[in-house]
Amino acid sequence: MPPDVCVIVPTIREYECVEAYVENARAHGFDTDRLHVVLVTEDFCDTGEMGAMLEDLGVSGSVFDGTARQAWFAEHGLSAYQDLIPEASHAQTSFGLLYMWANPTFEYGVFVDDDTLPHDEFDFFGRHLANLAFEGEVTSVRSDEQWVNVLYQNADEHGLYPRGYPYSAMEEAVETDTAEVDTVVASQGLWTNVPDLDAVRILMDGDLEGQAQTRTAAADFEEDFVAAPGNYLTVCSMNLAFRREVIPAFYQLPMDDNEWSVGRFDDIWSGVFLKRACDLLGAQIYTGDPLCEHNKAARSTFDDLHNEVAGLELNEHVWELVDDVEPAALAEDSAGGDGPTGEGSPDGYPTAEAFALAFEAMGHELATGDHSAYRNGAFLNHVGETMLAWLECLDAIEASTHQPVPATADD
């Protein structure tokens, strides 16, 4: 039986983290034959050693540097779309999504950053898949600012807000309740040790090396939760699992390699769009365990600030621009029509077509809007255009894919 879980790891340094995740799987009895590891890297990295590591671990896998990605696009007749994957950017995780889409055997994807390690007490992959299958009651969190701080549970002690959380939504009043959940499409694991903060907050925390003086521990995360409908949350791709069906609405936005020099918001904005799609479709993003240990390497906080500052104002408003988007076809379906939200998807989960409709509407809103009131507002038009191109690329892959792409360690 071919692998059904695609593990996507963007890496230029600590690719050996894969060893720890495979060891964790075996220690907890998770069948590693289900895993296919995709290492997304650069031409200056030793892809031979990466491939040898996967072979030594006995797991299926593929290694794609820049040259190999270009070849993949050409082999699939998709060269017109290769600019969707920016160069030298964390947003290259989107290539892993394309690889998944071209291989229908992958039912689940997992994003893992190379500066993380699994906690021994968690069955990392097993817990993520259990979250995706979760049905039952869970804590639901909302705020009067429409934003949920994923670090809210001990915020009175540490005072932290994660990277991407709008400054205008701080000092929010938090309310918790219990919700019945049965349609989880993404599982976001949180992180101990170095918190995922933006550069301004790291500087305010007194750290000049890109990390943080304040650290998080397992005790800061007492329970799992979902953000209530109509509320947004930061979605970090360092520890995240998702169903295949969300891929059309989960493009990791084009950062860094653009004329506006906007960077560092690829997973944040993709999370905003995914959450809006989930709200439209009655689905949920489950947040909490399994935790990972985030061991962010020291680097200049001012370098991160330089990469973030061009998009800070846009980040305050991008969620507002999509908050009212509601495709007519989805509205008809929710009113009892023959829409695409559940038909053809296992267990009544929203279909990929439904997520594509939601994403298309958001892309059109950004692509055609007048964003001149914001610094670098034209970047939002560019983002919208690439969102629409992303859907075209997925359609082109689907049209040309009749047999699964081989998933072997020699890819």
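Aromatic pairs, to begin with. This is a predicted model, and the count comes to 24 aromatic pairs. Take one of them: Phe242 and Phe250. Their ring centres are 5.5 Å apart. Why quote both values? Because a pair of aromatic rings is described by the distance of the centres and the angle of the planes. Are Phe242 and Phe250 buried or exposed? Both are buried.

Next, a cluster. Which residues form it? Phe64, Trp72, Phe73, Phe95, Tyr99 and Phe106 form one aromatic cluster. Find them in the structure above.

Now charges over rings. I have two for you. Arg201 lies over the face of Tyr167, and the distance to the ring centre is 4.2 Å. Arg243 lies over the face of Tyr349, at 3.8 Å from the ring centre. Keep Tyr349 in mind.

On to Thr183. Where does Thr183 lie? In the loop between strand 8, residues 174-181, and strand 9, residues 184-193. Is Thr183 buried or exposed? Its relative accessibility is 11%. Buried means under 20%, so Thr183 counts as buried.

What does Thr183 touch? Leave aside residues up to four places away in sequence. Then the list reads Gly282, Ala283, Gln284, Tyr349 and Pro350. There is Tyr349 again, the ring with Arg243 over its face. Thr183 also has a polar contact, side chain to side chain, with Asp182. That contact is 2.8 Å.

Technical notes:
Residues are numbered from 1 along each chain as its sequence is written. This is a predicted model: local features need pLDDT of at least 70, side-chain atom pairs count only at pLDDT 80 or more; totals for chains, interfaces and linings use all residues. Side-chain values use heavy atoms; hydrogens and water are left out. Rings of Phe, Tyr and Trp (its six-membered ring) pair if their centres lie within 6.5 Å; planes under 30 degrees apart count as stacked, over 60 as edge-to-face and the rest as tilted. Buried means under 20% relative accessible area, exposed over 50%, partly exposed in between (1.4 Å probe, protein chains only). A charge sits over a ring if NZ of Lys or CZ of Arg is within 6 Å of the ring centre and within 35 degrees of the ring normal. Helices (H or I, at least four residues) and strands (E, at least two) are DSSP runs, numbered from the N terminus. A polar contact is a pair of N or O atoms within 3.5 Å; within protein, one must be able to donate a hydrogen and the other to accept it, and residues adjacent in sequence count only if both atoms are side-chain atoms. Contact means heavy atoms within 4.5 Å.
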